[in-house]
Amino acid sequence: MHRTDELTTMMNKALGLAAQALFVSNPNPRVGCVLVAPDGREIGSGHTQRAGGPHAEVMALRSAQEAGHGTQGATAYVTLEPCAHQGRTGPCCDALVAAGIGKVVASLTDPNPLVAGQGFARLRAAGVKVEVGPGAAESRELNIGFFSRMVRGTPWVRLKAAASLDGTTALSNGASQWITSPSARADGHAWRARACAVLTGIGTVLDDNPRLDVREVSTPRQPHVVVVDSQLQTPPDARLFMEGRATYIYAAIQDDEKKAALEARGATVICLPTAQGKVDLPAMLRDLASRGVNELHVEAGHKLNGSLVREGLVDEMLVYLAPMLLGSGFGLAQLGPFEVLSQGLQLNFRSVEALGPDLRIVARVPGREAF
């Protein structure tokens, strides 16, 4: 295989493996690794496992060993810089050196300050050749939440909504289930599954009593749940309380009795008030980042959606449009009234795809990924 062909083929395989970690690796990045012998044979591969488990490089080395392949002089194609620090697992750069890897081709430098080029430096110091860049755009997009948390100190905020063609997300009486089809709902659950946490407001909790879990697709982990609840009105018997996942409730008041009742259900209650008696949403995002949240998936009502948009906290919109007209009701986000068109939130379409009878639109706020 020609060198250029090998690089493209193997890095594409590594990116495909990284995508298999989409529902698995949070809060760690989604990384894939392929090992190629000096004669061009693929001898091992793997992707990052659940937090605390092996990283992609170790999985690839194990698969090569289990198949009886030697790794001396092999090339490792990996979609992110091998880690250089001792966390819940050992440094991957050291494992590659110990295995006799001769060259590492990596897509990106790890933005984690604990790594940030140190992995490459240790590889080079050990005599391993290093090439950086192939697959960079794809790997960064796959890990946009991880990059956001490491560089900006806040999660990547994706606001999801289902609406009629004329933009109605609920009737005036609150009825909203179901505007879109089962195909759209299953797809929405896949986006939930890739997120570290799902956020909603107290209005949705009281009106709909949602579970906010992943049911329509198979996933080894459930995302955390975040509730914006200024007055601590979340019922202790709400359906969102589930074993095996964290629940974060952000409030604007101190109420020891209510707090104790929620904490008895396993919730973590954080008081972050503004001077107006609301939850400080930018401070909430910073706090969530400190708790390891990379991608924050918002499924809330028009009021909280509007607050997030007005404060410039939304990075991306995930909107499902049904082929129906519903007329007056609640819109996607409570904004305005504006006096000029330029006051609206400008977006760039990234994709438009048919899902059964519905459309899925992914749109991004211009420049938000430039960090």
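Q: How many helices and strands does the protein have?
A: The predicted model contains eleven helices and 14 strands.

Q: What share of the residues counts as buried?
A: Of the 371 residues, 50% are in the buried class. As for contacts between residues at least 6 apart in sequence, 71% of them join residues at least 24 apart.

Q: Let us turn to aromatics. How many aromatic pairs are there?
A: There are two aromatic pairs. In one of them, the ring centres of F146 and F147 are 6.5 Å apart and the planes meet at 85°, so this pair is edge-to-face. Both F146 and F147 are buried.

Q: Which residues form the tilted pair?
A: W156 and F371 do, with 6.3 Å from centre to centre and 55° between the planes. The two partners are 215 residues apart and link distant parts of the chain: W156 belongs to strand β6 (residues 156-164), whereas F371 is in the segment after β14 (358-364).

Q: Are W156 and F371 buried or partly exposed?
A: W156 is buried, because its relative accessibility is 0%. F371 has 22% relative accessibility and therefore counts as partly exposed, the limit for buried being under 20%.

Q: What lies over the face of F371?
A: R140 does, at 4.7 Å from the ring centre.

Q: Changing topic, where is H189?
A: H189 is part of helix α7, which covers residues 182-194. The end C-alpha atoms of α7 are 19 Å apart, which agrees with the 18 Å that its 13 residues should span at 1.5 Å a residue.

Q: Which residues of α7 are buried?
A: The buried residues of α7 are A184, D187, G188, H189, W191, R192, A193 and R194. For H189 the relative accessibility is 7%, so it falls in the buried class.

Q: What does the side chain of H189 reach?
A: It reaches the backbone nitrogen of R215, at 3.0 Å. Not counting residues up to four places away in sequence, H189 touches D213, V214, R215, E216 and V217.

Q: What about H47, is it buried or exposed?
A: H47 is buried, because its relative accessibility is 14%. This histidine is found in strand β2 (residues 42-47). Beyond its neighbours within four places in sequence, its contacts include L17, A18, V31, P54, H55 and M59.

Q: Which peptide bonds are cis?
A: The bond from N26 to P27 is cis, with omega near 5°, and P27 is in the loop between α1 (3-20) and β1 (32-36). G336 and P337 are also joined by a cis peptide bond, with omega about 5°; P337 is located in the loop between β12 (316-322) and β13 (348-355).

Q: Which residues other than glycine have a positive phi?
A: A116 has a phi of about 45°, and L212 has a phi near 55°. A116 is in the loop between β4 (103-106) and α4 (118-125), while L212 is in the loop between α8 (202-208) and β8 (224-228). A116 is partly exposed, with a relative accessible area of 45%, whereas L212 is buried, with 4%.

Notes
Residues are numbered from 1 along each chain as its sequence is written. This is a predicted model: local features need pLDDT of at least 70, side-chain atom pairs count only at pLDDT 80 or more; totals for chains, interfaces and linings use all residues. Side-chain values use heavy atoms; hydrogens and water are left out. Helices (H or I, at least four residues) and strands (E, at least two) are DSSP runs, numbered from the N terminus. Buried means under 20% relative accessible area, exposed over 50%, partly exposed in between (1.4 Å probe, protein chains only). Contact means heavy atoms within 4.5 Å. Rings of Phe, Tyr and Trp (its six-membered ring) pair if their centres lie within 6.5 Å; planes under 30 degrees apart count as stacked, over 60 as edge-to-face and the rest as tilted. A charge sits over a ring if NZ of Lys or CZ of Arg is within 6 Å of the ring centre and within 35 degrees of the ring normal. A polar contact is a pair of N or O atoms within 3.5 Å; within protein, one must be able to donate a hydrogen and the other to accept it, and residues adjacent in sequence count only if both atoms are side-chain atoms. The expected span of a helix is 1.5 Å times one less than its number of residues.
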